[in-house]
Amino acid sequence: MKKVIKVKLAKLIDKTTTSTVGEGTRLIEFLERRNLNYDASIRVNGVVKARNYILRDGDVVMKIGEVNGGYYA
């Protein structure tokens with residue numbers, strides 16, 4: 001049985017949530033399960049990571065919204 005790890009999901013202006021996922025879960029799998037697309041707005045611990053990045057315990061996945069003219073869209 002896979003070890004369980006905790007990963008936080010933060011969205012700009014939304015509350016941060018903590019998810020429990022199986023060890024070895026890839027970033028793309030994590031996003032798809034939450035109906036999020038992998039694109040340039042996704043960061044892991046503040047850095048752009050490959051879609052096949054394997055999440056680690058304590059990682060913070062962040063979705064940064066589009067900013068237009070200095071305002072959050």
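# Exercises on a predicted model

Residues 24 or more positions apart account for 40% of the contacts in the protein with a separation of 6 or more. The exercises below concern a predicted model, and each is followed by a worked solution.

## Exercise 1: the elements and the sheet

Determine which elements the protein has, in what order they run, and how the four strands of the open sheet are arranged.

Solution. Begin with the inventory, which comes to one helix and six strands; read from the N terminus on, these elements run β-β-α-β-β-β-β. Next, take the open sheet of four strands, where the order is β2-β1-β4-β3 and the pairing is mixed. From this order the edges follow: β2 (17-22) and β3 (42-44) each have a single partner strand, so one side of each is left without a neighbour in the sheet. With direction ignored, neighbouring strands of this sheet are turned by 25 degrees against each other on average. Finally, examine the pairing of β3 with strand β4 (residues 60-63), which is antiparallel and extends over three bridges; Arg43 stands opposite Met62 in β4.

## Exercise 2: Asp39, Ser41 and Lys63

Work out how many salt bridges there are, which parts of the chain are tied together, and which polar contacts the side chain of Ser41 makes.

Solution. The count comes to one salt bridge, in which the side chains of Asp39 and Lys63 meet at 3.7 Å, N to O. Because Asp39 lies in the loop between α1 and β3 while Lys63 belongs to strand β4, the pair ties together parts that are 24 residues apart in sequence. In general, side chains of opposite charge can pair when their charged atoms come close. Asp39 counts as partly exposed, at 32% relative accessibility, and Lys63 is likewise partly exposed, with a relative accessible area of 22%.

The side chain of Ser41 makes a polar contact of 2.5 Å with the side chain of Asp39, and another polar contact, of 2.9 Å, joins the side chains of Ser41 and Lys63. Not counting residues up to four places away in sequence, Ser41 touches Met62, Lys63 and Ile64.

## Exercise 3: the surroundings of Ile54

Locate Ile54, decide whether this residue is buried, partly exposed or exposed, and list its contacts beyond four places in sequence.

Solution. Ile54 has its place in the loop between β3 and β4. With a relative accessible area of 39%, Ile54 is partly exposed, since that class lies between the cut-offs of 20% and 50%. Setting aside residues up to four places away in sequence, Ile54 touches Gly24, Thr25 and Arg26. For Gly24, 30 residues apart from Ile54 along the chain, the separation of the two C-alpha atoms is 5.7 Å.

Note on methods. Residues numbered from 1 in each chain as written. Predicted model: local features only at pLDDT ≥ 70, side-chain atom pairs only at ≥ 80, totals over all residues. Heavy atoms only, no water. Pairing = 2+ DSSP bridges. Helix = DSSP H or I, 4+ residues; strand = E, 2+ residues; numbered from the N terminus. Axes fitted to C-alpha atoms, helices over the stretch in contact; angles between N-to-C directions. Salt bridge = Lys/Arg side-chain N within 4 Å of Asp/Glu carboxyl O. Buried < 20%, exposed > 50% of the residue type's maximum accessible area, 1.4 Å probe, protein only. Contact = heavy atoms within 4.5 Å. Polar contact = N/O pair within 3.5 Å; in protein donor to acceptor, adjacent residues only side chain to side chain.
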